[in-house]
Amino acid sequence: MSTDTTASVSTHILDTSVGRPAEGVAVQLAARGGRDAEWQALGGSATDADGRCKDLPVLPEGTTHVRLDFAVERYFESDSEKKQADAQQDAPANRDSGAFFPEVAITFAVKPGEHYHVPLLLNPFGYSVYRGS
């Protein structure tokens, strides 16, 4: 929850290769107070059955930049449904891992008093993100 002196962050993941939420993806949250400051790891969560992280840590006062790190490789390795989606997309059958991008790191600027919802649209060979509502 944001206040006048802090921002807040939420996220969810939709696996566009199967048209469903991505469950069980580990998400880590880090913040910094200025572009030259060191990143402070705040903790993390994992996506639920709806693809949402409902318990991300609170941002400290003075946060100006946030980074969300999504560990997607295990998600793609673990589900046969995604392998079927790969086959339907003429994806290469033999590759080094279950995903071309084993992790996705999203960095964005924040302002106090604002809420930032950052959805990740994911498939085995690409992703996009945007500021949601």
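**Reading strands and rings**

Modeller: Arg67 stands opposite Thr107 in strand E7. The model shown here is a predicted one.

Colleague: What is the order of the strands in the open sheet?

Modeller: The order is E4-E3-E6-E7, an open sheet of 4 strands with antiparallel pairing. Strands E4 (40-46) and E7 (103-109) stand at the edges with a single partner strand each, so one side of each has no neighbour in the sheet. On average, neighbouring strands of the sheet are turned by 20° against each other, direction ignored.

Colleague: How is an aromatic pair described?

Modeller: Two values describe a pair of aromatic rings: the distance of the centres and the angle of the planes. The count here comes to 4 aromatic pairs. One of them, Phe101 with Tyr127, is edge-to-face, at 5.2 Å centre to centre and 80° between the planes. This pair links distant parts of the chain, 26 residues apart: Phe101 lies in the loop between helix H2 (80-88) and E7, and Tyr127 in strand E9 (residues 126-129).

Colleague: Are Phe101 and Tyr127 buried or partly exposed?

Modeller: Phe101 is partly exposed at 31% relative accessibility, and Tyr127 is partly exposed at 35%. Ring pairs also link Phe100, Phe101 and Tyr127 into a cluster.

Terms used:
Residues are numbered from 1 along each chain as its sequence is written. This is a predicted model: local features need pLDDT of at least 70, side-chain atom pairs count only at pLDDT 80 or more; totals for chains, interfaces and linings use all residues. Side-chain values use heavy atoms; hydrogens and water are left out. Two strands pair if DSSP finds at least two bridges between them. Helices (H or I, at least four residues) and strands (E, at least two) are DSSP runs, numbered from the N terminus. Axes are lines fitted to C-alpha atoms, for helices over the stretch in contact, and angles run from 0 to 180 degrees between N-to-C directions. Rings of Phe, Tyr and Trp (its six-membered ring) pair if their centres lie within 6.5 Å; planes under 30 degrees apart count as stacked, over 60 as edge-to-face and the rest as tilted. Buried means under 20% relative accessible area, exposed over 50%, partly exposed in between (1.4 Å probe, protein chains only).
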